[in-house]
Amino acid sequence: MSADDMVVVQDLKKHFTGIEALDGVSLTVKKGQVIVILGPSGSGKSTLLRCVNQLEEKTSGDIWIDGEKLTHKSKQIDKIRSEIGMVFQHFNLYPHLTVLENITLAQRIVKKVSKEKAIENAMSQLTRVGIPEKASRYPTQLSGGQQQRVAIARALAMNPKLMLFDEPTSALDPEMIKEVLEVMLDLAKAGITMIVVTHEMGFAKAAADEVVFMDKGQIVEKASPAVFFTNPTHERTKLFLSQILNH
Amino acid sequence: MAQLTNANAKPPRRNSLENREYLKAKLRAAPWWLYAIIAIAIFTFVNILTNIPFQKAFLFIKAGLSVTITTTLIAFVFALLIGLLTGLGRISDNTFFKNLSTLYVELIRGIPMLVLIFFIAFVGIPGVVNGLKALGVWLVEIGVTDIGGWLSAIKNEVPMNTRAVIALSTTYGAFLAEIFRAGIQSIGRGQMEAARSQGMSYWQAMRYIILPQAIRNVLPALGNDFISMLKDSSLVSVLAVRDITQIAKLYAGRTFQYQESYITLAVLYLTMTILLSFLLKYIEKRIQKNER
Ligand SMILES: Nc1ncnc2c1ncn2[C@@H]1O[C@H](COP(=O)(O)OP(=O)(O)OP(=O)(O)O)[C@@H](O)[C@H]1O
Ligand SMILES: [Mg+2]
């Protein structure tokens, strides 16, 4: 392990009744890297992300975030989560709060930032994702693409070390996918460390430093996008790519 | 002439057959039950105004209104607190808290309300009072004189009105707990996960994210239970609390004017519950309008 590792996962296992969702996963993400995770449904992609910020409790194995080993202490869990941004497939914005309140709440009550600072930060994140004019709206008054951009702004406002994306565009209409991917591409260029689960091959090619292919709870192949998409090693990967590219 | 232009401005005239069908539909859709209730209420109030025995019964019974209303209001506030805590306990991961809450809810749900009121007023409350006094005496003995002295000086006789409030709120706390539990569980898991993923603690997520949404969802159900509680408050008359039911009973027994007493009593409850349910419908509409 070195000082420029942001995430180190070692022999991670996650058991659900009747299934090994993660069956010995090891993965290192360096600071500033963008990792894209691909794999068929049920291969354990979400479970891996959810173990990293402890929404799911691991069965065995170890995880380090920025050199700190994850434990069961709730103080540590809350602190580390506040440093990891997570973007969900279904946005999960808080529907009873305005866009601005969605973005300021955790800053205020978790990081104890002053109200003025929190609002200032929220507005600059909203500008970053391109919708500062929506600050006083409620989530349901926005399109899906706008909601996901607010969710990204909400995560960024905590000034995270690491961003996790779990199929951020899968619930979106095709015409809205692009606006979200563009925001994510900007973040990648800005050097934010990201782990992205997605089926958007274009994004993987354009933004990923490495592509990870998972199947049945294991990492089958890990390679740069150039190698991964043109010259994969494993049969499973070739089959998966042919299925995806034929669609 | 003006009349004619007005008539022309109306929607196209129906022929007589259509007209009859239209009228029939209108008549069928009208809230006849409501008109009937209003008629009964008007009839009773006219009686109260014009008929001396009715008037006397009403003037006597209405003295209990403040007891009925304050008992209900105070008990409901405590029931809300108990219900919220118990509801949170029911969904908690803490084994002790969870089982304690479930035990309480199941006990209350398995016993008739009238029996509960007797039990809490004559067994539960004296038991707790004696227990506290014994604890006080023991504390004085081992030298903790301040708290001990204060506990052992508790009066034996808890007023019946207080017992009534405790009995009602204990009973309804269990009902409201189930409403709160369902309300919290109706909020998708994603909300809790989003909040926790931002570093909020479980209680912060509850307070700022889950409960505001859950309470808004269960407001109508809470309102309904408030109305039920107003009616069930009549049961505390068995503790000789001077609510409208108790007073009506006394008046009927003394004057033998059963009709006057119990019709007045029934109409008083009916008036309160109908007014409340209108208020509730209005509030629900407001909430729906604000729903985003
Ligand atoms: N809470 C849970 N309880 C039981 N089984 C679960 C749970 N969460 C996930 N699983 C199972 O674990 C396996 C991995 O699930 P996971 O959600 O990580 O897959 P995924 O790769 O994200 O799939 P998808 O592309 O469909 O999102 C699946 O078989 C799933 O059914
Ligand atoms: Mg998934």
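Biologist: Hi! Which residue of chain A does B:Arg196 meet in a salt bridge?
Modeller: B:Arg196 pairs with A:Asp78, with 3.4 Å from N to O. A salt bridge here is a side-chain nitrogen of Lys or Arg within 4 Å of a carboxyl oxygen of Asp or Glu. One thing to keep in mind is that this is a predicted model, where local features need pLDDT of at least 70, side-chain atom pairs count only at pLDDT 80 or more, and totals for chains, interfaces and linings use all residues. Residues are numbered from 1 along each chain as its sequence is written, chains are lettered from A and ligands numbered from 1 in the order in which they are written, and side-chain values use heavy atoms, with hydrogens and water left out.

Biologist: Thanks! How many salt bridges cross the interface of chain A and chain B?
Modeller: The rule finds 2 across that interface. There are also 9 residue pairs in polar contact between chain A and chain B, both residues at pLDDT 80 or more. A polar contact is a pair of N or O atoms within 3.5 Å; within protein, one must be able to donate a hydrogen and the other to accept it, and residues adjacent in sequence count only if both atoms are side-chain atoms.

Biologist: Which elements of chain A give two or more residues to that side?
Modeller: Those are helix 2, strand 6 and helix 3 (99-109). Helices (H or I, at least four residues) and strands (E, at least two) are DSSP runs, numbered from the N terminus.

Biologist: And how much area do chain A and chain B bury between them?
Modeller: About 1,900 Å², with 54% of it on carbon and sulfur atoms. Buried area is the accessible area (1.4 Å probe) that two parts lose on being put together, summed over both. A:Tyr94, A:His96 and A:Ile109 supply 28% of the area that chain A buries against chain B, more than any other three residues.

Biologist: Back to A:Asp78. Which residue of its own helix does it pair with?
Modeller: That's A:Arg81, with the closest N and O atoms 3.9 Å apart. Both lie in helix 2 (residues 74-82) of chain A, 3 residues apart, about one turn of the helix.

Biologist: Are A:Arg81 and A:Asp78 buried or exposed?
Modeller: Both A:Arg81 and A:Asp78 are buried. Buried means under 20% relative accessible area, exposed over 50%, and partly exposed in between (1.4 Å probe, protein chains only).

Biologist: What about A:Lys161, which residues does it pair with?
Modeller: A:Lys161 forms a salt bridge with A:Asp66 at 3.0 Å, N to O. A:Asp66 is in the loop between strand 4 (60-65) and strand 5 (68-69), and A:Lys161 in the loop between helix 5 (144-156) and strand 7 (162-166), so the pair ties together parts of chain A that are 95 residues apart in sequence. A:Glu83 also forms a salt bridge with A:Lys161, at 3.4 Å between the closest N and O atoms. That pair links parts of the chain 78 residues apart.

Biologist: How accessible are A:Lys161 and A:Glu83?
Modeller: A:Lys161 is partly exposed at 29% relative accessibility, while A:Glu83 counts as buried at 19%.

Biologist: New topic: which atoms come up to ligand 1 from A:Ser41 and A:Ser43?
Modeller: A polar side-chain atom of A:Ser41 lies 2.6 Å from an oxygen atom of ligand 1. From A:Ser43, a backbone N or O atom lies 3.2 Å from an oxygen atom of the ligand. A:Glu167 has a polar side-chain atom 3.2 Å from a ligand oxygen atom too.
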